Amino acid sequence: MPETTTSPRIQLELKVERPRLHKVMLVNDDFTPREFVVLVLKAEFRMDEGQAGRVMMTAHQRGVCVVAVFTKEIAEAKATNATDLARKKGYPLLFTTEPEE
Ligand code: TYC
């Protein structure tokens with residue numbers, strides 16, 4: 001009779017963690033025109049006029065507003081692009097990123 005061998009079954013548990021998301025924040029300033037902030041939010045974050053207006057007004061009144069959350073690379077790229085659009089026009093408008101809790 002052929003010999004049979006059995007090997008122990010080891011179950012490897014693979015833990016896959018979701019990437020931490022990063023917030024893009026809009027920072028208020030005293031110089032950038034409101035309409036330009038709205039324009040940038042629509043162009044870079046695909047917001048409609050209503051959403052962009054509400055986010056702009058929240059930053060205007062509270063000093064800062066969360067625009068959206070993305071993976072780290074996307075958040076940083078969008079914050080940089082949006083800030084660069086303002087720099088090209090000579091405005092101090094600033095978008096920052098920070099990890100979500
Ligand atoms: N505070 C600016 C003004 O009164 C408008 C503004 C809003 C600028 C939001 C930046 O993140 C901002 N013209």
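Colleague: Is Lys15 buried or exposed?

Modeller: Lys15 is exposed, at 68% relative accessible area. Exposed means over 50%, buried under 20% and partly exposed in between, with a 1.4 Å probe and protein chains only. Before we go on: this is a predicted model, where local features need pLDDT of at least 70, side-chain atom pairs count only at pLDDT 80 or more, and totals for chains, interfaces and linings use all residues. Residues are numbered from 1 along each chain as its sequence is written, and side-chain values use heavy atoms, with hydrogens and water left out.

Colleague: What does the side chain of Lys15 meet in a salt bridge?

Modeller: Glu13, at 3.6 Å from N to O. Glu13 is exposed too, at 63%. A salt bridge here is a side-chain nitrogen of Lys or Arg within 4 Å of a carboxyl oxygen of Asp or Glu.

Colleague: How many salt bridges does that rule give?

Modeller: The count is 6. Lys23, Glu98 and Glu101 are linked in a network.

Colleague: Which residue does Lys78 pair with?

Modeller: Glu44, at 3.9 Å from N to O. This pair links distant parts of the chain, 34 residues apart: Lys78 sits in helix α3 (residues 72-88) and Glu44 in helix α1 (residues 34-45). Helices are DSSP runs of H or I with at least four residues, strands are runs of E with at least two, and both are numbered from the N terminus.

Colleague: Are Lys78 and Glu44 buried or exposed?

Modeller: Lys78 is buried, at 19%. Glu44 is buried as well, at 14%.

Colleague: And what about Lys42?

Modeller: Lys42 forms a salt bridge with Glu49, with the closest N and O atoms 2.4 Å apart. Lys42 is partly exposed, at 34%.

Colleague: On to the ligand. Which residues surround the ligand?

Modeller: Among them are Leu26, Asp29, Thr32, Met56 and His60. The shell divides into 6 nonpolar, 3 polar and 2 charged residues.

Colleague: Where do nitrogen atoms of the ligand come up against N or O atoms of the protein?

Modeller: A backbone N or O atom of Asp29 is 2.7 Å from a ligand nitrogen. For a polar backbone atom of Thr32 the distance is 2.9 Å. In His60, a side-chain N or O atom lies 2.9 Å from a ligand nitrogen.

Colleague: Which element gives the largest share of the shell?

Modeller: α2, with 3 residues.

How values were computed: A residue is near a molecule or strand if one of its heavy atoms lies within 4 Å of it. A polar contact is a pair of N or O atoms within 3.5 Å; within protein, one must be able to donate a hydrogen and the other to accept it, and residues adjacent in sequence count only if both atoms are side-chain atoms. Ala, Val, Leu, Ile, Met, Phe, Trp, Tyr, Cys and Pro count as nonpolar, Asp, Glu, Lys and Arg as charged, and the others, Gly among them, as polar.
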